[in-house]
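Trainee: I would like a close look at one part of this model. Please start with the charged pair, then take me to the aromatic rings and on through the helices.

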Amino acid sequence: MTTTNHPFHMVTLSPWPMLTSINIMNMFMSMILFMYLKMCSIMFISLVTMIMCLIQWWRDVIRESTFQGFHTLTVTKLIKMSMILFIISELMFFVAFFWTYFHSSIAPSIEIGMTWPPTSIQQLNPYNIPLLNSVVLVSSGITITWTHYALLTEKMKETKISFMMTIALGIYFTILQVMEYLEATFCFNDSIYGSIFFMTTGF
């Protein structure tokens with residue numbers, strides 16, 4: 001048994017990151033085949049194998065953190081810091097998206113008719129599916145906060161119920177988002193309006 005003089009976890013070689021990356025690439029390539037040739041079998045196989053690789057990968061991570069005790073206090077702090085940096089990077093993405101929206105709507109260019117929305121765009125009614133989707137999104141934030149609080153107070157029954165509610169709201173949100181996309185009369189390449197809409201709502 002080797003001993004270490006540092007609190008860090010030196011990760012052992014694992015096949016799961018490489019296999020997961022290959023399956024994600026295959027899944028996106030098969031999505032293109034599905035869109036153009038309606039071939040869904042390859043996409044389904046890639047999705048299943050990707051999920052299997054992720055399950056195996058996180059199984060190893062759970063074993064390292066619990067049974068093997070590799071996740072020391074220092075490692076735990078670094079994992080939390082990594083999550084904070086990830087959230088900040090996501091926030092910066094949305095700052096860029098909203099900056100693009102405000103820049104294009106306040107000073108529309110001559111290419112889109114100097115009007116906002118562009119003259120060829122028929123807007124969605126914000127009080128139909130978009131409003132319902134916003135309510136569902138906020139509700140999922142409330143239920144996951146409930147899950148966190150119940151987990152901290154060791155109320156496992158409440159934790160399971162609130163977590164299942166969060167998953168159900170997430171699935172419902174995704175279904176509503178697909179319905180909204182199907183109702184839209186514009187697509188991604190319909191001027192800057194379509195690009196901003198699909199990037200902001202689908203990212």
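Mentor: R59 forms a salt bridge with D60, and their closest N and O atoms are 2.8 Å apart. The model is a predicted one, so keep that in mind throughout. The structure holds 1 salt bridge. Side chains of opposite charge can pair when their charged atoms come close. How exposed is R59? R59 counts as partly exposed, because its relative accessibility is 32%.

Now the rings. The count comes to 11 aromatic pairs. Take F186 and Y193 as one of them. Their ring centres lie 5.3 Å apart and their planes meet at 80 degrees, so this pair is edge-to-face. Is F186 buried or exposed? F186 is buried, because its relative accessibility is 6%. Y193 is buried as well, with a relative accessible area of 11%.

F186 also pairs with F197. That pair is edge-to-face, with 5.2 Å from centre to centre and 80 degrees between the planes. Look at where the two rings sit. F186 lies in the loop between helix 5 (156–183) and helix 6 (191–202), while F197 lies in helix 6. The pair therefore ties together parts that are 11 residues apart in sequence. F197 is buried, at 15% relative accessible area.

Ring pairs link Y101, F102, W116, Y181, F186, Y193, F197 and F198. Several of these names return in the largest nonpolar core, which has 6 residues: I121, A184, F186, Y193, F197 and F198. Pick out A184 there. Leaving aside neighbours within four places in sequence, A184 is in contact with L124 and F198.

Next, helix 5. It has 28 residues. From first C-alpha to last, helix 5 reaches 41 Å, close to the 40 Å expected at 1.5 Å a residue. Its buried residues are T159, S162, T166, L169, L176, Q177 and E180. What do they pack against? The buried residues of helix 5 pack against helix 4 (129–152) and helix 6. An α-helix has 3.6 residues a turn, so residues three or four places apart point the same way.

Zoom in on T166. This residue is found in helix 5. T166 counts as buried, because its relative accessibility is 14%. Not counting residues up to four places away in sequence, T166 touches S140, T143, I144 and T147. T166 and S82 are 84 residues apart along the chain, and 24 Å separates their C-alpha atoms.

Now use the record. The UniProt annotation "transmembrane region", from an unreviewed entry, covers residues 24–57, 78–102, 131–151 and 163–182. Check two of those stretches against the model. Residues 24–57 are 91% helix and 0% strand, and the end C-alpha atoms are 14 Å apart. Residues 78–102 are 100% helix and 0% strand, with 36 Å between the end C-alpha atoms.

S46 falls in helix 2 (residues 41–65). Is S46 buried or exposed? S46 is buried, with a relative accessible area of 6%. Apart from residues up to four places away in sequence, S46 touches N23, N26, M27 and S30.

Finish with the backbone. Most residues other than glycine have a negative phi, and most peptide bonds are trans. The peptide bond from W116 to P117 is cis, with omega near -5 degrees. P117 sits in the loop between helix 3 (73–106) and helix 4. W116 also belongs to the ring cluster.

M114 lies in the loop between helix 3 and helix 4. Its phi is positive, near 55 degrees, and M114 is not a glycine. M114 counts as exposed, because its relative accessibility is 55%.

E154 is another such case. Its phi is positive, about 60 degrees, although E154 is not a glycine. E154 is placed in the loop between helix 4 and helix 5. E154 is exposed, with a relative accessible area of 67%.

Conventions
Residues numbered from 1 in each chain as written. Predicted model: local features only at pLDDT ≥ 70, side-chain atom pairs only at ≥ 80, totals over all residues. Heavy atoms only, no water. Salt bridge = Lys/Arg side-chain N within 4 Å of Asp/Glu carboxyl O. Buried < 20%, exposed > 50% of the residue type's maximum accessible area, 1.4 Å probe, protein only. Core = buried A, V, L, I, M, F, W, Y, C linked by side-chain atoms within 4.5 Å. Contact = heavy atoms within 4.5 Å. Phe/Tyr/Trp six-rings, centres within 6.5 Å; stacked < 30°, edge-to-face > 60°. Helix = DSSP H or I, 4+ residues; strand = E, 2+ residues; numbered from the N terminus. UniProt positions renumbered as here; feature names shortened; annotations may be inferred. Expected span 1.5 Å × (residues − 1).
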